[in-house]
Amino acid sequence: MRDTHGIPGEPKDVVEAAFRHYRAQDRDAALPLYADDFTFTSPQDDHIDKAAFFERCFPTADRMTEQRLLQVTPADAELVFAYYEYELTTGARHRNVEAITVRDGLIREVQVFFGGRV
């Protein structure tokens, strides 16, 4: 399903699109997927806003040689869990889980839970 602006509307589709745009480093395509009041939390960032996320976190895809979504699972009407694996340029492989809240077709919140080396 797509909304009237051509942005994916189902939470799972929004999450998958956000991951694609991150890997491609397509900031212009990614920005409309995130709400103005978006917050991002990880073990390294505590409730940073949209501007800080796009300044600090979004440009980090070049540290990876690969990132694969292993599972994208809707938990309810707004919450999606994304389980993914990535390989760093150092050769180290890791898996993380993100709890992503999507409301009205926009990503409102991301909480990242870091996993260990694979």
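Colleague: What covers the buried residues of α3?

Modeller: In this predicted model, the cover includes α1 (11-24), α2 (27-30), β1 (34-42) and β2 (45-49). The buried residues of α3, which spans 50-57, are Lys50, Ala52, Phe53, Phe54 and Cys57.

Colleague: What makes Phe53 count as buried?

Modeller: Buried means under 20% relative accessible area, and Phe53 is listed as buried, so its relative accessible area is under that limit. Of the 118 residues of the chain, 42% count as buried.

Colleague: How do you know that the chain agrees with a compact globule?

Modeller: With 118 residues, such a globule would have a radius of gyration near 13 Å, and the chain has 14 Å, which agrees. The C-alpha trace spans about 40 × 30 × 25 Å along its principal axes.

Colleague: Which residues lie nearest the centre of the largest pocket?

Modeller: They are Tyr22, Phe40, Arg63, Tyr84 and Glu98, from a lining of 26 residues. The pocket holds about 520 Å³ of space. At least two lining residues come from each of α1, β1, α3, β3 (64-74), β4 (79-88), β5 (93-103) and β6 (106-117).

Colleague: How many residues of that lining are nonpolar?

Modeller: The lining has 17 nonpolar residues, with five polar and four charged.

How values were computed
Residues numbered from 1 in each chain as written. Predicted model: local features only at pLDDT ≥ 70, side-chain atom pairs only at ≥ 80, totals over all residues. Heavy atoms only, no water. Buried < 20%, exposed > 50% of the residue type's maximum accessible area, 1.4 Å probe, protein only. Helix = DSSP H or I, 4+ residues; strand = E, 2+ residues; numbered from the N terminus. Contact = heavy atoms within 4.5 Å. 1 Å grid on protein atoms, 1.4 Å probe; cavity = no way out; pocket = protein on both sides within 12 Å on 5 of 7 lines; lining within 4 Å. Points joined across faces, edges and corners; volume = space filled by probe spheres on them. Nonpolar A, V, L, I, M, F, W, Y, C, P; charged D, E, K, R; others polar. Rg over C-alpha atoms; globule rule 2.2 N^0.38 Å.
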